[in-house]
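Hi,

Here is the structure we talked about, handed over for you to browse. My notes on what turned up follow right below.

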Amino acid sequence: MNINNQIIITGVTKGLGMALAKEYIKQGHTVIGCGRNANIIGSMSDLYSKNTDFQVVDISNYKEVSSWAQDIINKYGPPDYLINNAGVINKNNYLWNISPDEFSSVIDINIKGVYNTIKEFVPGMIAKGKGTVVNLSSGWGRSTSPEVAPYCSSKWAIEGLSKSLAQELPDRITCVALNPGVIDTDMLRSCWKDQAAQYEDPENWAKRAAPFILNINNNDRGVSLTVS
């Protein structure tokens with residue numbers, strides 16, 4: 001028997017978030033997503049009208065996240081899965097040449113955005129007595145490379161945040177940091193340009209990642225996982 005899970009995915013307007021959303025919709029789950037691109041959010045809302053809810057939200061803005069979360073919880077109750085996927089990467093550059101605004105943008109979206117959604121959705125998941133928080137990390141959250149120091153910093157932070165949160169959560173609530181692997185996304189192309197094309201596309205990745213995420217359980221609490 002298929003189970004209809006309520007799955008929240010941030011950053012659904014492109015890349016891995018969009019691919020995951022489409023895969024879970026195909027499987028019959030209720031998919032709740034957000035992103036900053038109003039045009040794409042509108043198109044997805046028109047295209048997928050059943051068991052979906054897509055809204056324009058900037059996850060780095062706590063007030064926007066709080067308002068969105070209240071609306072979603074009122075409509076659907078706390079989610080079964082909270083997938084913190086939204087993220088940005090800095091343009092390749094040495095750290096001392098990166099502007100304060102660009103550095104802040106990476107930190108505000110990649111770290112503070114995850115905090116914002118956790119703060120607003122996890123208390124309801126705790127009250128519900130079950131739920132899984134999946135924070136998208138990166139290979140660069142467990143290693144480093146030159147010219148992407150802000151991004152590496154943010155993903156190393158996600159690893160630590162996820163492990164600490166897992167220690168705080170009660171039984172039946174799970175949190176993991178998930179490295180998706182190397183995927184041909186706009187973010188990868190910003191670093192590796194045409195070399196990114198040799199890697200798997202988001203749609204094929206989502207076919208593996210979607211069931212992998214749904215199989216995460218309490219035994220994985222605090223573990224740094226990688227999609228296999």
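This is a predicted model: local features need pLDDT of at least 70, side-chain atom pairs count only at pLDDT 80 or more; totals for chains, interfaces and linings use all residues.

One definition to start with: axes here are lines fitted to C-alpha atoms, for helices over the stretch in contact, and angles run from 0 to 180 degrees between N-to-C directions. Helices (H or I, at least four residues) and strands (E, at least two) are DSSP runs, numbered from the N terminus.

Residues are numbered from 1 along each chain as its sequence is written, and side-chain values use heavy atoms, with hydrogens and water left out.

**Helix α3 against α4**

α3 and α4 pack at an angle of about 30 degrees, and their axes are 9 Å apart. They are therefore roughly parallel to each other (angles under 35 degrees count as roughly parallel, over 145 as roughly antiparallel, 65 to 115 as roughly perpendicular and the rest as oblique). The α3/α4 crossing is right-handed; that is, the near helix is turned clockwise from the far one by less than a right angle, anticlockwise being left-handed. On the α3 side, the contact (heavy atoms within 4.5 Å) uses Tyr62, Val65, Ser66, Trp68, Ala69, Ile72 and Ile73, and α4 brings Asn116, Thr117, Lys119, Glu120 and Phe121. Sorted by class, the residues of this α3/α4 contact are seven nonpolar, three polar and two charged. For those classes, Ala, Val, Leu, Ile, Met, Phe, Trp, Tyr, Cys and Pro count as nonpolar, Asp, Glu, Lys and Arg as charged, and the others, Gly among them, as polar.

**Helix α4 against α5**

α4 (residues 100-128) also packs on α5 (residues 149-168), at an angle of about 15 degrees and with the axes 9 Å apart. That makes α4 roughly parallel to α5, and the crossing is right-handed. Residues of α4 in this contact include Phe103, Val106 and Ile107, and those of α5 include Tyr151, Ile158 and Leu161. The α4/α5 contact divides into twelve nonpolar residues, two polar and one charged.

**Helix α1 against α7**

What is the angle between α1 and α7? It is about 65 degrees, with the axes 8 Å apart, so α1 and α7 are roughly perpendicular to each other. α1 passes α7 in a right-handed crossing. Among the contact residues are Leu16, Leu20 and Tyr24 of α1 and Trp205, Ile213 and Leu214 of α7. By class, the α1/α7 contact has eleven nonpolar, one polar and three charged residues.

**The sheet**

Seven strands form an open, parallel sheet in the order β3-β2-β1-β4-β5-β6-β7 (two strands pair if DSSP finds at least two bridges between them). β3 (52-56) and β7 (224-226) are the edge strands, each pairing on one side only. From one strand to the next, the twist averages 20 degrees. β2 (residues 30-35) pairs with β3 over five bridges, and Cys34 has Gln55 in β3 as its bridge partner. Helix α1 (residues 15-26) lies across β1, β2, β3 and β4, at about 165 degrees to β1. Helix α7 (residues 202-214) lies across β1, β4, β5, β6 and β7, at about 130 degrees to β4.

**Salt bridges**

The whole structure has nine salt bridges (a side-chain nitrogen of Lys or Arg within 4 Å of a carboxyl oxygen of Asp or Glu). One of them joins Asp53 and Lys75, 3.1 Å from N to O. This pair links distant parts of the chain, with Asp53 in β3 and Lys75 in α3 (residues 62-76), 22 residues apart.

Cheers
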